[in-house]
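Subject: Structure handover

Hi,

Here is the structure I promised to pass on. Please open it and keep it on screen while you read my notes below.

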Amino acid sequence: MKISVIGTGYVGLVAAAVFADYGNDVLCADIDAAKIDSIKAGKLPIFEPGLEPLVEHNIQAGRLRFTTSNAEAAVHGDVVFLAVGTPTATDGSADLSYLYQAASEIGRHITRPTIIVDKSTVPVGTAERITRIVGEQTRVPFTVVSNPEFLKEGAAVDDFMHPDRVIVGTDDAHAREVLHRLYQPFCRTSDRILFMDARSAELTKYACNAYLAARISFMNDMANLADSLGADIELVRRGMGSDPRIGNKFLYPGVGYGGSCFPKDIRALLTTAREFGHSLEIVASAERINEAQKLVIVRKLRQQLGGDLAGKTFTVWGLSFKPNTDDVREAPALKIVRTLVGDGARLRLHDPEAGKNFLAGLSPHVAAACTLAADPYDAAEGAHALILATEWREYRSPDFERLKRIMAGPFLFDGRNQWDRHHVEALGFRYAGIGR
């Protein structure tokens, strides 16, 4: 099948590479010429495990090509995927200007019946709006389909190849048939392709993210209560997760969620709800709890060190919003570092992949108080306290005896409940986790 993908972010680049790997003829477009040149030179704009060799293999095989021309992509594809960014606008809604611009360009240049698939996360009713925009530009027959993505950064390639479900929102029989044929190779063991109307598909994406965010914030709320009651939230979590009605997914307390999806999508959903007279109190509470949770470690640190942090040095391990990605958007570490610098502290930072992106996200004043180390132990040298903000695998079993020798202070703040409290306290550390 001839496929075009507009956008080379996490969704677009993964979709293009995987579709090509399954034998399709894929043209991927992005108006950022520097990004396209970088991809052609073998340097991807994002870190995603398994993606780089997949892109390279399919470029060499001739199944995957790149262009800066949306017009060329429109002409190429029988199916055109829109996978452009929908960032948060100043009022909390989703900024759809890039999406609508791409849709208008596609409408001006399609030359034969085309299926336009919206893969970006968008408010309910966007497929109808895209239909109007494209229709104003062409008389060529086309159909707009909603096909929201459910990829996890850090596991996006595997998620695309082995989806839990594929949701296709359209009432058009031909579009259903084509999308079923396109996705069927990924669902050979069981047919997990769910068809529905476009509005329901659009709402499904937001509902999923809002529910998962609410689970995280619920557990963080319970963790803070456990701290006050002297209970261990890790034991509570296991007890809850053993109930099949609840399950153990997204029950891990920590320093809050971040990333490109949950925060943005929740704000957009709340904005949409308000427009239609709904308050969505649970979702609003999840967002409020999460923002406060990002500073729970700072509160613990101030309490343990007597409140005056000026002149002290702290280490933060883990800067990305989650492991296996270099994405720092809305990462809890950003808020932690900015707050500690505001308290007069100096920061020594380490992350396997996200260090440069993290420093780029700081103001010059904050960045000047931070040192990015190439090695986690170099980052911990002389630190009065060590904060674990992201649970990268290499941080899970560190050499605590070495840390005890090189650190200036005995404080470990485990923002992801990864370490054995009894073990580190026996070595002389003072340990603080989340809800423990």
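This is a predicted model: local features need pLDDT of at least 70, side-chain atom pairs count only at pLDDT 80 or more; totals for chains, interfaces and linings use all residues.

Helix α14 lies across β9, β10, β11 and β12. The helix runs at about 155° to β10.

**The sheet**

Which strands make up the sheet, and in what order? The order is β11-β10-β9-β12-β13-β14. That is an open sheet of six strands, paired in parallel. β11 (370-372) and β14 stand at the edges with a single partner strand each, so one side of each has no neighbour in the sheet. From one strand to the next, the twist averages 20°.

α13 packs on the sheet as well. Helix α13 touches β9 (313-317), β12, β13 and β14. The direction of α13 makes about 160° with that of β13.

Now look at the pairings. In general, strands of a sheet pair through backbone hydrogen bonds, either parallel or antiparallel.

- β10 (residues 346-350) and β11 are parallel and share three bridges. Here Leu 349 stands opposite Leu 372 in β11.
- β12 and β13 run parallel and are joined by four bridges. Ile 387 has Phe 413 in β13 as its bridge partner.
- β13 and β14 (residues 430-432) run parallel, with three bridges between them. Phe 413 stands opposite Ala 432 in β14.

The chain crosses from β13 through α19 to β14, and this β-α-β crossover is right-handed. β12, α18 and β13 also make a right-handed β-α-β unit.

Which way do the side chains of β13 point? Phe 411 and Phe 413 point one way. Leu 412 and Asp 414 point the other way. All four of these residues are buried.

**Two helices in contact**

Back to α13 and α14. Two packed helices are described by the angle between their axes and the distance between the axes. Helix α13 (residues 296-304) and helix α14 (residues 332-342) pack at an angle of about 35°. Their axes are 9 Å apart.

Which residues meet there? From α13 come Val 298, Leu 301 and Arg 302. From α14 come Ile 336, Thr 339 and Leu 340. By class, this contact has four nonpolar residues, one polar and one charged.

**Salt bridges**

Side chains of opposite charge can pair when their charged atoms come close. How many salt bridges does the structure hold? The count is 22.

First pair: Lys 300 and Asp 227. Their closest N and O atoms are 2.7 Å apart. Lys 300 lies in helix α13 and Asp 227 in helix α9 (residues 198-229), so the pair ties together parts 73 residues apart in sequence. Is Lys 300 buried or exposed? Lys 300 is buried, because its relative accessible area is 14% and buried means under 20%. Asp 227 counts as partly exposed, at 32% relative accessibility.

Arg 416 sits in the loop between β13 (411-414) and α19 (421-426). Glu 391 sits in the loop between β12 (385-388) and α18 (400-406). The two residues are 25 residues apart, and their pair links distant parts of the chain. Arg 416 counts as buried, at 14% relative accessibility. Glu 391 is partly exposed, at 21%.

Arg 421 is partly exposed, with a relative accessible area of 27%. Glu 425 is partly exposed too, at 34%.

Then the network. Salt bridges link Arg 267, Glu 287, Glu 291, Lys 294, Glu 330 and Lys 335.

**One more residue**

Last, find Met 196. Met 196 is in strand β8 (residues 193-196). Leaving out residues up to four places away in sequence, Met 196 touches Ile 167, Val 168, Gly 169, Thr 170, Arg 176, Ala 201 and Thr 204. How far is Met 196 from His 76? They are 120 residues apart in sequence. In space they are 27 Å apart, C-alpha to C-alpha.

Best wishes

Conventions. Residues are numbered from 1 along each chain as its sequence is written. Side-chain values use heavy atoms; hydrogens and water are left out. Axes are lines fitted to C-alpha atoms, for helices over the stretch in contact, and angles run from 0 to 180 degrees between N-to-C directions. Contact means heavy atoms within 4.5 Å. Ala, Val, Leu, Ile, Met, Phe, Trp, Tyr, Cys and Pro count as nonpolar, Asp, Glu, Lys and Arg as charged, and the others, Gly among them, as polar. A salt bridge is a side-chain nitrogen of Lys or Arg within 4 Å of a carboxyl oxygen of Asp or Glu. Buried means under 20% relative accessible area, exposed over 50%, partly exposed in between (1.4 Å probe, protein chains only). Two strands pair if DSSP finds at least two bridges between them. A crossover is right-handed if, with the strands pointing away from the viewer, the path from the first strand over the helix to the second runs clockwise.
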